[in-house]
Amino acid sequence: MRMNDLIAKKRDGLELTTEEIRYVVFEYTNGNIPDYQISAFLMAVYFNGMNKRETLDLTMAMRDSGDVLDLSQIDGVKVDKHSTGGVGDKTTLVLAPMVAACGVPVAKMSGRGLGHTGGTIDKLESIDGYQTSISEDVFIKNVNNIKIAVTGQTANLAPADKKIYALRDVTATVDNISLIASSIMSKKLALGADGIVLDVKTGSGAFMKEEKDAISLAQEMVDIGTGAGKDIVAVITDMDQPLGKAVGNSLEVIEAIETLKGKGPDDLMELCYVLGSYMLVLGKKAKNTEEAREMLKDVIETGKALDKFAQLVEAQGGNPEFVYDTGKFKKASIVMEVQSARSGYVEKIHTGDIGEVALILGGGRTTKESIIDLSVGIILHKKVGDKVEKGETIATLYANDPDRLSEAKDRLLSAYDITVTPAKADILVKWIVSKNGAKKY
Ligand code: URA
């Protein structure tokens, strides 16, 4: 087989065989195909798509490119969660400790930033000492001891996805249903949790801008998971504005900590209750989502979820004092308030552009080798539906490089649509997708 023939086949819209897909995945993982050929291949897939069989083959090949973990050494029903990625999406940082505090083991492997969206692993690195790369043994031991571990993808878990993910991030080949579904599901299947809750985002800050595409992506992943014997549900949620108010690595961790204290933004808290409820039901800790929500509220009100986060940080080598004193996070040296040029109501926030502002400030990668600045970002003071006066601060920028400020400010202002007529935010939780299809929430 020759890689250029396979690129040409996909470029011409033809279907690849199982053997051809496995060849691409395994040879790339082993370093026998260069990045430039895979980049071209990904672009061909991006434009011509893959059918369900090809997507399943790609998922299984990426899963089989490395180890498939045996989580049977962890007691209880293990439940995993994954988001398709959004702006300001710090859900895992809140949800994982909440669910673990309710007694469901959370063995979580998270990703780095992708495109205009942030990644949990980058965010966690803003806590002094936190190890985002721990051995499989420590991972399993920690989940057994304290019910929670959140780490980066170990070198040998779906290594093909790890390489392809990094390449997609910088070659404009992220937002494709087959590539996203196979990326997420290869990792979920290699990790071996019993239950999986997927948070599939839709809207201007999501990879799936249209609701119908988000439902197709969700159904594709649910079908792959169900076929592999997993208990799996997908929740379609709004990403037509950033989640919460903070965008940027350490700013998001601080907001997550506030949310664990019960003082976070309403949308983030609500999303954690909805996703957490499904996690507790799949984890067999609650009979139904109503009972689960009560349990989750209790761990927030009693501070048990916050303490669980501190335990997680400490168990992974981080300084748990960061959890109780957020003043310890490294601060950006420049703080700039951005004021509205007119009065009215926020009608829309072009959410992908807010993610781009974070990138401009240095909070994301532009090449595989980029080093990101964890302290930069944005705090949004106005969200969709809010009334704004001319001259009122709509957002604060946190930066370290003065040369990037004016571009960031212009981009931020153009991301806000302000109109004279009152506007309303879209609903947060839209659809639940299971093996029986999609149902309105
Ligand atoms: N999250 C992933 O792990 N992969 C994607 O492709 C998108 C979001």
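This is a predicted model: local features need pLDDT of at least 70, side-chain atom pairs count only at pLDDT 80 or more; totals for chains, interfaces and linings use all residues.
**Aromatic rings**

A pair of aromatic rings is described by the distance of the centres and the angle of the planes.

| Pair | Distance of centres | Angle of planes | Arrangement |
|---|---|---|---|
| Tyr 46 and Phe 47 | 5.4 Å | 90° | edge-to-face |
| Phe 322 and Phe 329 | 4.9 Å | 75° | edge-to-face |

Phe 322 and Phe 329, in turn, are both buried.

Two lysines are also placed over tyrosine rings. The charged end of Lys 163 sits over the ring of Tyr 28 at 4.3 Å from the ring's centre, and Lys 297 lies over the face of Tyr 273, where the distance to the ring centre is 6.0 Å.

**Helix α9**

Helix α9 covers residues 177-191, which makes 15 residues, and from its first C-alpha to its last it reaches 21 Å, close to the 21 Å expected at 1.5 Å a residue. Of the 15 residues in α9, 14 are buried, and the helix is thus mostly covered. At the start of α9, the backbone nitrogen of Ser 178 has a side-chain oxygen of Asn 176 within 3.0 Å. After the helix comes Gly 192, which has a positive phi, near 80°.

**Two buried residues**

Thr 151 belongs to strand β3, which is made up of residues 148-152. Its relative accessibility is 0%, so Thr 151 counts as buried. A polar atom of the Thr 151 side chain lies 3.0 Å from the backbone oxygen of Thr 132. Thr 132 is also among the residues that Thr 151 touches when those up to four places away in sequence are not counted, and others on that list include Lys 108, Met 109, Ile 121, Phe 139 and Gln 316.

Ser 204 is found in a loop, namely the one between β4 (195-202) and α10 (211-227). With a relative accessibility of 15%, Ser 204 counts as buried, because the limit for that class is under 20%. Leaving aside neighbours within four places in sequence, Ser 204 is in contact with several residues, among them Lys 209, Met 239 and Asp 240, as well as Lys 348, Ile 349, His 350, Thr 351 and Gly 352.

Definitions and conventions
Residues are numbered from 1 along each chain as its sequence is written. Side-chain values use heavy atoms; hydrogens and water are left out. Rings of Phe, Tyr and Trp (its six-membered ring) pair if their centres lie within 6.5 Å; planes under 30 degrees apart count as stacked, over 60 as edge-to-face and the rest as tilted. Buried means under 20% relative accessible area, exposed over 50%, partly exposed in between (1.4 Å probe, protein chains only). A charge sits over a ring if NZ of Lys or CZ of Arg is within 6 Å of the ring centre and within 35 degrees of the ring normal. Helices (H or I, at least four residues) and strands (E, at least two) are DSSP runs, numbered from the N terminus. Contact means heavy atoms within 4.5 Å. The expected span of a helix is 1.5 Å times one less than its number of residues. A polar contact is a pair of N or O atoms within 3.5 Å; within protein, one must be able to donate a hydrogen and the other to accept it, and residues adjacent in sequence count only if both atoms are side-chain atoms.
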